[in-house]
Amino acid sequence: MSAITNHLPTSELQALDAAHHMHPFSTQNDFNTRGARVITSARGCYLHDSDGVEILDAMAGLWCVNIGYGREELAEAAARQMRELPYYNTFFMTTHVPVIALAAKLADLAPGDLNHVFFASSGSEANDTNIRMVRSYWAEKGQPERDVIIGRWNGYHGSSMGSASLGGMVGMHAQGGLPIPGIAHIGQPNWWAEGGEMTAEAFGLARAQELEAKILEIGADRVGAFIAEPVQGAGGVIVAPDSYWPEVQRIVDKYGILLIADEVICGFGRTGHWFGSQAMNIRPHIMTIAKGLSSGYQPIGGSIVCDEVAAVLGACEFNHGYTYSGHPVACAVALENLRILEEEQIVERVHDVTGPYLKAQFESLADHPMVGEVKIVGMMGSLALTPDKASRAAFAAETGTVGYMVRERCFANNLIMRHVGDRMIISPPLVISESEIDLLIARARKSLDEGMAAVKAAGLWEAG
Ligand code: PXG
C-alpha cells in the first residue's frame, strides 16, 4: 500500500489545490497565480517536495515535529492502537488504557502539582477549555464575577473564537467580532520593537507591571487568570527581558489569580527544558499543551491542571468535552513520542549540547549588516531585521515587507525559515545535528545576503 503522494504532475496538484483547498492564514487567490509548494515526504530534518527537492525544515513543521520526521515507532504505535481500539470516548464514566497511561505520564513529567489532564485535539481547543475551566473554577468557589482573563497583545493562543480572543493578534480580532467578552490585554515584553529609550531590564519590569495596573483597573475581584506563552512563538520568538517573569509571578501571587502558561510551542523540550515554565522559572496553575506532545504525528492537545483547580472542578459537573478528547490513537502516538524524547535524552541534548551550539552559530549572524537583535532560547530563535542597528529602526516599508523578501530567499535556498513582520524565526526539530545546524546557518546567511541585495535594489534600505 502506498501513501497518497505524488500521483499527478505538480502543476495539476497545484491547480486542484487552488480550486478546492482553502488554506489557513492565506490569501486564497494567491494560489491561483502561484501554486503552493507540494510536500510529499520527510525524513529527519528534511522535507521533500513534488519536484524532488530536499528542504531543510528549520521550523519543525509548525513548531511541532520535535523528534524529527519519519520515526517508524510512531507509525507502529498508531497502527497497533488502530487495530486494538481505534476509537472510544472518555465521556459517560468510561476510559481506556492509552489515555490513562498518557495522563499519568504527563502528571509525572509536568512540574509541581500539575497532575491532572483534560485532553483536546489542538492548542486552540485546549485554550477554549481553559477559559471555561477558569470561569467554572471561580464560580464554584463562590466568585463568579471573577471571569476576566488577561492576555497579551501579540500573544498567540489559537484560532477558535475563545483562543483567538485570549491572543492579541489584532488582524485576527478584526475578523469575526473578537475578542469575546471578559478578555483584556496588556503589552508584550518586546524590547526591540517597543522598548524605546528604556533599558531592556527596565522595560521588562514596566511591561510586567502593566499586569498589576490592568488588574487594578478591572478590579482585583474581577480577574480570574493571566495567560501567556513563556516565550512568544507566533508573535516572532519574543524572549522577555530577565526582569519580566519574576515580576509577573509576584503579581499573580499577590492577587491570587490563576497563571496559565501556554506551552503549546515551549513544551516538550523546545526551550531546552521539558517545559518553558521551567526555563522561565514560573509556577503556572494550568499549562496548555499540544504540538510537541505528539511531535505533530497526531493532532492532540490538552490542559495540565494543578491539584487545587482540579479538586474544585471535581466537585461539579464540568459541561465540556470534545468527541476526540483523549483519542486512543493520538494518546498512543504521544506516549511513544514521549518515550523517544526521554530514552534518547533529546531534551538534555538540546540543553547541554545542540542548544548551546545553535545559540553560538545563530548569534554569529548578529554581524550581518541587516541583523539587529538576536534572541534564542533552546531551539527557538529570532533575528530582528533593521536598516540601522544603533537606533533599532524599522524599515521605511510596511512592516513585514522586508521580512517577506528574506523569507522568499530562504525558500529559494531550500531553507524553511519564516518571517513574522520583520523578524526571521527558527524552531528546528530538536534532533537537528551540529552539521545540520551549520547548513541552516549557511543557508540563512546566504538568504540574508540575497535579501539585503533585493531590499537595496527595491530602494527599501531606509529607516522608517
Ligand atoms: N498556543 C500557542 C502558543 C500556539 O503557538 C496554539 C496555541 C494553537 O494551537 P493549534 O493546535 O490550535 O493550532 C498555538 C499554535 C505560526 C503558527 O504561524 C503558530 C501556531 C499555529 C499556526 C501557525 O507561527 N501556533
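Tutor: Welcome! Since the model is predicted, local features need pLDDT of at least 70 and side-chain atom pairs pLDDT 80 or more, while totals for chains, interfaces and linings use all residues. Residues are numbered from 1 along each chain as its sequence is written, and side-chain values use heavy atoms, with hydrogens and water left out.

Student: What makes the contact of Glu-408 and Arg-34 a salt bridge?

Tutor: The term requires a side-chain nitrogen of Lys or Arg within 4 Å of a carboxyl oxygen of Asp or Glu. Here the N to O distance is 3.2 Å, so the pair qualifies.

Student: Where do Glu-408 and Arg-34 lie in the chain?

Tutor: Glu-408 sits in helix H16 (residues 401-412), and Arg-34 in the loop between helix H2 (30-33) and strand S1 (39-43). They are 374 residues apart, so the pair links distant parts of the chain. Helices (H or I, at least four residues) and strands (E, at least two) are DSSP runs, numbered from the N terminus.

Student: Why is Glu-408 called partly exposed?

Tutor: Buried means under 20% relative accessible area, exposed over 50%, and partly exposed in between (1.4 Å probe, protein chains only). Glu-408 has 22%, so it counts as partly exposed. Arg-34, with 45%, counts as partly exposed too.

Student: Why is Glu-343 called exposed, and why is Arg-339 called partly exposed?

Tutor: Glu-343 has a relative accessible area of 57%, so it is exposed. Arg-339 has 29% and therefore counts as partly exposed.

Student: What about Lys-105 and Asp-108?

Tutor: Their side chains meet in a salt bridge at 3.7 Å, N to O. Both are in helix H5 (residues 97-109), 3 residues apart. Asp-108 counts as exposed because its relative accessibility is 55%.

Student: What makes Tyr-87, Tyr-88 and Tyr-324 a patch?

Tutor: Patch residues have over 30% relative accessible area and no salt bridge; like charges are joined within 9 Å, nonpolar side chains (Val, Leu, Ile, Met, Phe, Trp, Tyr) within 5 Å. The three tyrosines form a nonpolar patch with about 300 Å² of accessible area together, by the Shrake-Rupley method with a 1.4 Å probe, where for residues only the protein chains shown count as cover. Tyr-324 has 46% relative accessibility, so it passes the area cut-off.
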